[in-house]
Amino acid sequence: MDFTTWRHAFKLDPEKTVTDEQLELLAESGTDGIIVGGTDGVTLDNVLDLLVRIRRYSVSVALEISTVDSVTPGFDYYFIPTVLNSTKVEWINGLHHSALREYGHMMDWDEIQPEGYCIMNPDCKAAKLTGVTEVPDEEDVVAYARMAEHLFKLPIFYLEYSGMYGDPKIVEAASRVLEKTHLFYGGGIRNGEDAKKMAEIADTIIVGNVVYEDFKAALGTVDAVKSVSR
Ligand code: 1GP
């Protein structure tokens, strides 16, 4: 399933554990995609383990690359974050440059989708790693969204609130200025109500941590998103 039609996706962290039974429930929940990605402890072994287990089902699966060493063939998509509000050049284009120097000749560009990340929660692990120190305000976010769509022509703009529920007003402001670029929202979705509210604004909502904290509530986010017509 083409990622541009995804309304709901689960993000699974290769460092954390899901049972086979849980994985089946997630894959067959009606979600549009499963994203494999995390900030810490992502290895080729734990990525491959998840990939092989998810591949028993027909759901689309994407690897969100945080370390080149864990890249393996077999995913439908490879999402490559570039952190637009990072203060560290490696997270904007540095790691990308090294990866392309080494592997550029063998990359299948049709599978690769860059994501323009805007990290909104300075306390999350990704913010610490990438040197995001200031919280972007609404005008900053609108500028980053325009940067994603018009300057860099990125297919995805990802408002990343990881671990914290975002401000719908800010998500709405980003959504208003995006036409071609697809808006991913992720962060702090803990139940159907949270999911529904953001699904009314963003193109795709990403559900992460609650999978590991309240599995039943995580499953409930799928139907909540599907009940929203846009
Ligand atoms: C994290 O955007 C995702 O990269 C989802 O966030 O874990 O807070 O649901 P949560």
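Q: How far is an oxygen atom of the ligand from a polar backbone atom of G208?
A: In this predicted model, G208 belongs to the residues that surround the ligand. A polar contact is a pair of N or O atoms within 3.5 Å. The backbone atom of G208 is polar, and its distance to a ligand oxygen atom is 3.0 Å.

Q: Which residue places a polar side-chain atom 2.5 Å from an oxygen atom of the ligand?
A: The residues around the ligand include K11, Y158, E160 and S162. The polar side-chain atom at 2.5 Å belongs to E160.

Q: What percentage of the ligand's exposed area does the protein bury?
A: Taken alone, the ligand exposes 300 Å². The shell around the ligand consists of two nonpolar, seven polar and two charged residues. Of the area exposed by the ligand alone, the protein buries 91%.

Q: In which sense do strands β1 and β2 pair, parallel or antiparallel?
A: Strands of a sheet pair through backbone hydrogen bonds, in one of two senses. β1 covers residues 8–12 and β2 covers residues 33–36, with four bridges between them. F10 stands opposite I34 of β2. The pairing of β1 with β2 is parallel.

Q: What angle does the direction of helix α6 make with that of β6?
A: The eight strands β1 to β8 form a closed barrel with parallel pairing, and the twist from one strand to the next averages 30 degrees. Helix α6 (residues 168–177) packs on this sheet, where it touches β6 (156–160) and β7 (182–186). Between the directions of α6 and β6 the angle is about 170 degrees.

Definitions and conventions:
Residues numbered from 1 in each chain as written. Predicted model: local features only at pLDDT ≥ 70, side-chain atom pairs only at ≥ 80, totals over all residues. Heavy atoms only, no water. Pairing = 2+ DSSP bridges. Helix = DSSP H or I, 4+ residues; strand = E, 2+ residues; numbered from the N terminus. Axes fitted to C-alpha atoms, helices over the stretch in contact; angles between N-to-C directions. Contact = heavy atoms within 4.5 Å. Near = heavy atom within 4 Å. Polar contact = N/O pair within 3.5 Å; in protein donor to acceptor, adjacent residues only side chain to side chain. Areas by Shrake-Rupley, 256 points an atom, 1.4 Å probe, with all protein chains shown as cover. Nonpolar A, V, L, I, M, F, W, Y, C, P; charged D, E, K, R; others polar.
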